Amino acid sequence: MRTRMIAGTVAGCLAVLGLAAAPANAISPTTADLYVLHAVPATPVDVYVNGALTLDDFQPGALAGPLDLPAGTYSVAITASTATDASAPVIGPVDLVLAAGTSYTAVAHLTEAGAPTATLFTNDLAKTAPGQGRLTVRHVAAAPSVDVLAGGAPVVTALTNPNEAKLDLAAGTVSAAVAATGTTTPVIGPADVSIQDGVNTIVYAWGSLADSNLALAVQTIGGLQTAPHGVPAGEAGLAADPDAEPLVWGAGVLLLLMAAALGVTTVRRVRRDSSAR
Amino acid sequence: MTTAKATGVAAAALAAAVLVFGSGCSAATAPERPAPSSSSAAPTPSAAPRPAVPDIPIQGTTPGAQQPTVPPVRISVPDVGIDIPIDPVGVLDDGTMELPANTQVAGWYEFGPDPASATGATILAAHVDSLVYGLGPFSRLRELAAGAPLSVTTADGAVHDYTIASVAKVPKAEIPLDTVFDRSGPPTLVLITCGGQFNRDTGHYLDNILVTATPVAG
């Protein structure tokens, strides 16, 4: 009776829990997620995808997306915001090959030498350990090799444009700064960056060192969390159900008693039989 | 004879529970997103009809503060006389949920939703017993029935009322923790403690007691 009730409540419990689980990211076995980051200073642009105006008057520092796109190849051209079509791009056209089940950020930015360009980054959506988040750092600035400092100590060294580095950290707030490689004097920051459980926090160093407009841009992608591996919520056995062992022992005793009773009966029968003769 | 029969019925019911449980679990974890309307043909670079590009949401990228949480600070379950404070907790080095040592204090999983969150499960857990503090109030969770009221007070002073939807005893080896520690479904409250048989060799219970509760509308 009690067991049946528990079976019922397990089903009920899951009926409640089963309503859960909308995917945090739009990617699927047939589609990709695409974000677009504008990281060229002081230049609003238009973005054409496959010849169609997709982002109008897109401002520096803005992040568009995610677009849930069927896997395939997309032609992206970036023009001055005054352009009327994609015929005279300032960046591209570039072909972006998007694989299914993958998250990307296309970044319009400056090369180390200061020329406009575009780079397609793949966002790491691997699950994070319980209580951890991911920090991804991308160098898309017109600046030489940098180190990334967390709490004053370098956690990423010799990062160059257009590359990235990443690490998983315990959830919390990190005081992040960017310095020229081999130095600890910040050229950007320090700025507080929040590392959240199950979130990939992507920090872009962008702008131009020569023009003194280096800055940080932050993109976050969540839904990567892992639940704790268990909830060990007892240690003394004071609330335990009866152990299986005494039951087994009890059944054994019962069997012995039954056997004994049978034995006695048999003996009696034998005796009765013998006495009858 | 009756003992053996009862054991058989119990085993069958348990198997049924695991079956129901298993199917519920897979149903919960495998919701396929409907294929997008434009998934008709894979695009090729030379083909004239390229896939259409939908409108795109735009957001800022200025480094900002984390969305503030509203920690729960007290839980009351009047039917079984539970009225204890709540501390925020995280995870231990072995990846299991951290719990207050004192059985008279519940732990709130601070990385997950709180009672004010629009989605997901607020997780509250407490030790059922302790070698130091003895039997705790969460040992009475298994006496609860669906429909019983409970309330959680948050740090901002608000009182969140819930109705218990289910009480279940689940083997620890079977519990779908990624589903229980939900972030994106409708708002729920889940109370967790230990129960079932106790393994004296490992010092652990074999089951978790799971109580789910849904917010009272209004």
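**Notebook: contacts, a sheet and a core**

I started with B:Arg74 and listed its contacts beyond four places in sequence: B:Pro85, B:Ile86 and B:Thr153. The model I am reading is predicted. I placed B:Arg74 in strand 2 of chain B, which spans residues 72-77. I then checked the pair B:Arg74 and B:Thr153: their C-alpha atoms are 5.2 Å apart, although 79 residues separate them in sequence.

Next I looked at a sheet in chain A. It is an open sheet of four strands, ordered 3-2-5-6, with antiparallel pairing. I noted strand 3 (52-58) and strand 6 (91-98) of chain A at the edges; each has a single partner strand, so one side of each lacks a neighbour in the sheet. From one strand to the next, the twist averages 20 degrees. I followed strand 5 (residues 72-80) of chain A along strand 6 of chain A and found antiparallel pairing over six bridges. In strand 6 of chain A, A:Asp95 is the residue opposite A:Ser75.

Last, I went to the largest nonpolar core, which has 108 residues. Which residues touch the most other members? I recorded A:Tyr204, A:Ala205, B:Ala125 and B:Val211. In chain A, domain 1 (24-123) and domain 2 (126-228) each supply at least three residues to this core.

Leaving out residues up to four places away in sequence, A:Ala205 touches A:His139, A:Val140, A:Ala141, A:Val146, A:Val178, A:Ile188, A:Leu214 and A:Leu216.

Conventions:
Residues are numbered from 1 along each chain as its sequence is written. Chains are lettered from A and ligands numbered from 1 in the order in which they are written. This is a predicted model: local features need pLDDT of at least 70, side-chain atom pairs count only at pLDDT 80 or more; totals for chains, interfaces and linings use all residues. A nonpolar core is a set of buried Ala, Val, Leu, Ile, Met, Phe, Trp, Tyr and Cys residues joined through C-beta atoms within 7 Å. A residue is buried if 20 or more other C-beta atoms lie within 10 Å of its own, exposed if 12 or fewer, and partly exposed in between; C-beta atoms are placed from the backbone. Domain bounds come from an automatic or database domain assignment. Two residues are in contact if their C-beta atoms, placed from the backbone, lie within 7 Å. Two strands pair if DSSP finds at least two bridges between them. Helices (H or I, at least four residues) and strands (E, at least two) are DSSP runs, numbered from the N terminus. Axes are lines fitted to C-alpha atoms, for helices over the stretch in contact, and angles run from 0 to 180 degrees between N-to-C directions.
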